[in-house]
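Colleague: I have a few questions about this model before I use it. Could we go through it together, beginning with the charged side chains?

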Amino acid sequence: MISVISAVIAVLGAVVTAVLSYRLQTQAKSRERLDYMSRYRDAMLWAAFDLQSRLFNILHGYEVDRRQGHMGFTTAFLLEGTERQALYVTRSTAFLFAEYLGWVEIFRRDIQFLDLGKNEANQQIMFALTKISRTLGAANIPDTECFMIFRSDQRAIGELMIEPDGKPGDRRCIGYATFCAKLAAEEAFSEWGQVLLDHVELAARQPSMAQGRLTRLQHQLIDLIDLLDPEGHRFPSTQRSRFAPR
């Protein structure tokens, strides 16, 4: 009888230990997931906001160009501005695209393969990122050339934007100064960066080839911002205007 009771106690102890261990692992994964999301959410939010803001300026500039005697953003600074102004517009716009793609790649590496569980908000964020990626890579629309970046190329650009010493949960993108320096000094980096620079130049000279895709991207970035900052703590609704061509 004593041996039977001891065996039952041992079995029950093993079951309790297994259950507690499972719960602890589940809680640890949940904390890890929330920690990663909280660390990266603001960085992705800023990258999306800065990019949509530049797209809005470009698109609004196309409207201004149609008014006699007026010049919009890219016309005034890239096509008709000084060499320094033109360089700033092309490099900074390329950087904003690259930085966004960098944070998307970080999300993919550190968050996508974590169990997102039943957190609907996190799932919607990943769906929004996928939607933007599809718009960038879409070839079945009229303005196919300008800012059409295939999915693998998006990832390649994103990879180059990640600081090499970053670890899971603590990754970050390179800054604008480093981006500009790498464009001038590193051949492999410059090759991918030139792709974006060429798109910026084409968008300035051929607005009709860029407006459709850039409008869709700007709207989708606003949708992403709404998911990342639903309460408007970082960016109020007055700063989330969707471009609407007249």
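Colleague: Is Arg242 buried, exposed or partly exposed?

Modeller: In this predicted model, Arg242 is partly exposed, with a relative accessible area of 37%.

Colleague: Which residue does Arg242 meet in a salt bridge?

Modeller: The partner is Asp223, and the N to O distance is 2.2 Å. Asp223 belongs to helix H8 and Arg242 to the segment after H8, so the pair ties together parts that are 19 residues apart in sequence. Asp223 is partly exposed as well, at a relative accessible area of 33%.

Colleague: Which residues are linked with them in a network?

Modeller: The network of salt bridges links Asp223, Asp226, Asp229, Arg240 and Arg242.

Colleague: How many salt bridges are there by this rule?

Modeller: The count comes to 13. One of them joins Asp42 and Arg234, whose closest N and O atoms are 2.9 Å apart. Since Asp42 lies in helix H1 and Arg234 in the segment after H8, this pair ties together parts that are 192 residues apart in sequence. Asp42 is partly exposed, with a relative accessible area of 27%, and Arg234 is partly exposed with 43%.

Colleague: What about Arg66 and Glu63, are they buried or exposed?

Modeller: Arg66 is exposed, with a relative accessible area of 55%, whereas Glu63 is buried, at 11%. Their side chains meet in a salt bridge with an N to O distance of 3.0 Å.

Colleague: Let us turn to H8. How far apart are its end C-alpha atoms?

Modeller: They are 26 Å apart. Helix H8 covers residues 211–228, and at 1.5 Å a residue its 18 residues should span 26 Å, so the two values agree.

Colleague: Which residues of H8 are buried?

Modeller: They are Gln211, Arg213, Leu214, Thr215, Leu217, Gln218, Gln220, Leu221, Ile222, Leu224, Ile225 and Leu228.

Colleague: Which residues touch the most other members of the largest nonpolar core?

Modeller: That core has 58 residues, and those touching the most other members are Phe97, Tyr100, Phe179, Leu214 and Leu224. Two or more residues come from each of helix H1 (2–65), helix H2 (73–79), helix H3 (83–112), helix H4 (120–137), helix H5 (151–161), helix H6 (176–185), helix H7 (187–205) and H8.

Colleague: Which helix gives the most to this core?

Modeller: H3 does, with 12 residues.

Colleague: You listed Phe179. What is Phe179 in contact with, leaving aside its neighbours within four places in sequence?

Modeller: Phe179 is in contact with Arg91, Ala94, Phe95, Ala98, Met161, Ile174 and Phe189. Phe179 also forms one aromatic cluster with Phe95, Tyr176 and Phe189.

Colleague: How many aromatic pairs does the count come to?

Modeller: The count comes to 10.

Colleague: Which charged end sits over the ring of Phe189?

Modeller: The charged end of Lys182 does, 5.7 Å from the ring's centre.

Colleague: A last topic: where is Gly169?

Modeller: Gly169 is in the loop between H5 and H6. This glycine is buried, with a relative accessible area of 2%.

Colleague: How far is Gly169 from Arg109, in sequence and in space?

Modeller: Gly169 and Arg109 are 60 residues apart in sequence, and their C-alpha atoms are 9.6 Å apart in space.

Definitions and conventions: Residues are numbered from 1 along each chain as its sequence is written. This is a predicted model: local features need pLDDT of at least 70, side-chain atom pairs count only at pLDDT 80 or more; totals for chains, interfaces and linings use all residues. Side-chain values use heavy atoms; hydrogens and water are left out. Helices (H or I, at least four residues) and strands (E, at least two) are DSSP runs, numbered from the N terminus. The expected span of a helix is 1.5 Å times one less than its number of residues. Buried means under 20% relative accessible area, exposed over 50%, partly exposed in between (1.4 Å probe, protein chains only). A nonpolar core is a set of buried Ala, Val, Leu, Ile, Met, Phe, Trp, Tyr and Cys residues joined through side-chain atoms within 4.5 Å. Contact means heavy atoms within 4.5 Å. A salt bridge is a side-chain nitrogen of Lys or Arg within 4 Å of a carboxyl oxygen of Asp or Glu. Rings of Phe, Tyr and Trp (its six-membered ring) pair if their centres lie within 6.5 Å; planes under 30 degrees apart count as stacked, over 60 as edge-to-face and the rest as tilted. A charge sits over a ring if NZ of Lys or CZ of Arg is within 6 Å of the ring centre and within 35 degrees of the ring normal.
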